[in-house]
Amino acid sequence: MSEFEPTCERFIAYFDLMGFKDFVYRHSHGEVKKTIDFVCKIVKTIDSVGLEALNGKTNKAPNSLSEVAVRAVVFSDSVIFISNGDTIHDAREIIFVSKYFLCKLFDKSIPVKGALAYGTFTADFEKSSFFGRPLIDAFLLAGEAHFYGAVLHNTFETYWKSIDELRRMDSVKSKPVPIKGGYITHSYIDIDMEGYKALFPDVESLEVVIEKFYESVSGSTRLYVDNTKKVYSTTRGDSSERMGLLSS
C-alpha cells in the first residue's frame with residue numbers, strides 16, 4: 001500500500017444518521033452518547049485497519065477488514081469514508097466498508113442513508129482539512145435518497161461500470177430505487193441475507209431486522225422503512241424466500 005496522499009482522485013462514501021436532532025431531543029444524553037459511541041467504535045475499527053494496511057502491517061485474505069486502506073472521519077451525525085486512491089481495489093474496498101457499516105447500523109436499528117462519489121478530493125488528516133466536489137456530490141445525493149442505504153453518484157457509477165464485469169462485486173445492484181420525487185434507476189449497495197448472516201449468524205431474516213425500525217418511527221417517517229423493505233426484497237425478483245417471509 002502506498003502512503004495516503006492528501007490530494008488525489010479518490011472515492012468518498014458519505015453517511016448521515018437520520019433523525020439525529022429529534023433523537024437528541026427525545027432521549028437522554030446518556031442514550032445519545034451510547035449510540036454515537038457505537039458508531040464511532042465501528043468507524044474507529046475501519047480507520048485503524050486502514051492505517052495498518054497503509055503501513056503494510058496486514059497480510060490476511062482479501063474481502064475482509066484486514067486489508068482495507070480506507071480512512072474515516074466523523075462529524076457529529078455524519079460519517080465519511082475516504083479511499084486511498086482510485087484503483088479498482090480502492091473502489092471495491094470502499095463498497096465493502098460501506099456495506100459493512102450499513103449492516104452494523106441496521107443491526108442496532110440506527111437509521112442511516114448515504115451515497116458514494118468519485119473525483120479529486122483533499123483529505124489532510126494532519127490539518128483536519130477535508131474538501132472537494134465528491135463530498136458535495138455524495139452529500140446532495142444522500143439527501144435525495146428516500147430509504148435506508150447507500151446509492152452511487154453517477155461519477156462512481158460510471159467508474160464502476162467501466163470495470164470488467166468479472167472484477168466487480170455482487171454488492172452493487174442497479175434498479176429503480178426510491179428517490180425524493182419517485183422511483184429512479186440508480187446503482188446502490190445491496191444488503192443480501194447471505195452477507196448479513198456472515199456478520200450476524202443468529203439473525204432470523206433481513207425482513208425482521210428492517211421491521212425493527214418501525215418501533216422507533218411513526219407517520220410519514222415510516223415511508224422510509226416501507227421503501228427500505230421494497231429495495232432489499234426486490235433485488236432478486238421479489239423473492240419471499242430470500243427475505244424470510246415464508247417459513248419452512
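This short talk describes the helices, aromatic pairs and selected residues of one protein structure.

Colleagues, the structure is a predicted model, in which local features need pLDDT of at least 70, side-chain atom pairs count only at pLDDT 80 or more, and totals for chains, interfaces and linings use all residues. Residues are numbered from 1 along each chain as its sequence is written, and side-chain values use heavy atoms, with hydrogens and water left out.

I begin with the overall picture. The protein has eight helices and eight strands; these are DSSP runs, helices being H or I of at least four residues and strands E of at least two, numbered from the N terminus. Of its 248 residues, 52% count as buried. Buried means under 20% relative accessible area, exposed means over 50%, and partly exposed is in between, with a 1.4 Å probe and protein chains only. A contact means heavy atoms within 4.5 Å. Among contacts with a separation of 6 or more, 68% are between residues 24 or more positions apart.

I turn now to a pair of helices. Two packed helices are described by the angle between their axes and the distance between the axes. Here, the axes of α3 (residues 88-107) and α5 (residues 154-162) come within 11 Å and cross at roughly 120°. Axes are lines fitted to C-alpha atoms, for helices over the stretch in contact, and angles run from 0 to 180 degrees between N-to-C directions. The two helices are therefore oblique to each other: under 35 degrees counts as roughly parallel, over 145 as roughly antiparallel, 65 to 115 as roughly perpendicular, and the rest as oblique. On the α3 side the contact is made by I88, A91, R92, I94 and I95, and on the α5 side by F156, Y159 and W160.

F156 leads us to the aromatic rings. Rings of Phe, Tyr and Trp (its six-membered ring) pair if their centres lie within 6.5 Å; planes under 30 degrees apart count as stacked, over 60 as edge-to-face and the rest as tilted. By this rule there are 16 aromatic pairs. One of them joins F11 and F156, a tilted pair with 4.8 Å centre to centre and 45° between the planes. F11 lies in strand β1 (residues 7-17) and F156 in helix α5, so this pair ties together parts that are 145 residues apart in sequence. Both F11 and F156 are buried.

How are the rings of F75 and F130 placed? Their centres are 6.3 Å apart and their planes lie at 75°, so the pair is edge-to-face. F75 is in strand β2 (residues 70-75) and F130 in strand β5 (residues 129-131), 55 residues apart. F75 is partly exposed at 41% relative accessibility, whereas F130 is buried at 19%. Elsewhere, F106, Y148, F213, Y224 and Y232 form one aromatic cluster.

Next, the backbone. Most residues other than glycine have a negative phi. S76, in the loop between β2 and β3 (78-83), has a positive phi near 55°, and S76 is exposed at 53% relative accessible area. S109, in the loop between α3 and β4 (112-124), has a positive phi of about 55°; S109 is partly exposed at 23%.

Finally, is A138 buried or exposed? A138, in helix α4 (residues 133-144), is buried at 0% relative accessibility. Leaving aside neighbours within four places in sequence, A138 is in contact with Y14, A115 and A117. The C-alpha atoms of A138 and I12 are separated by 7.4 Å, although these residues are 126 apart along the chain.
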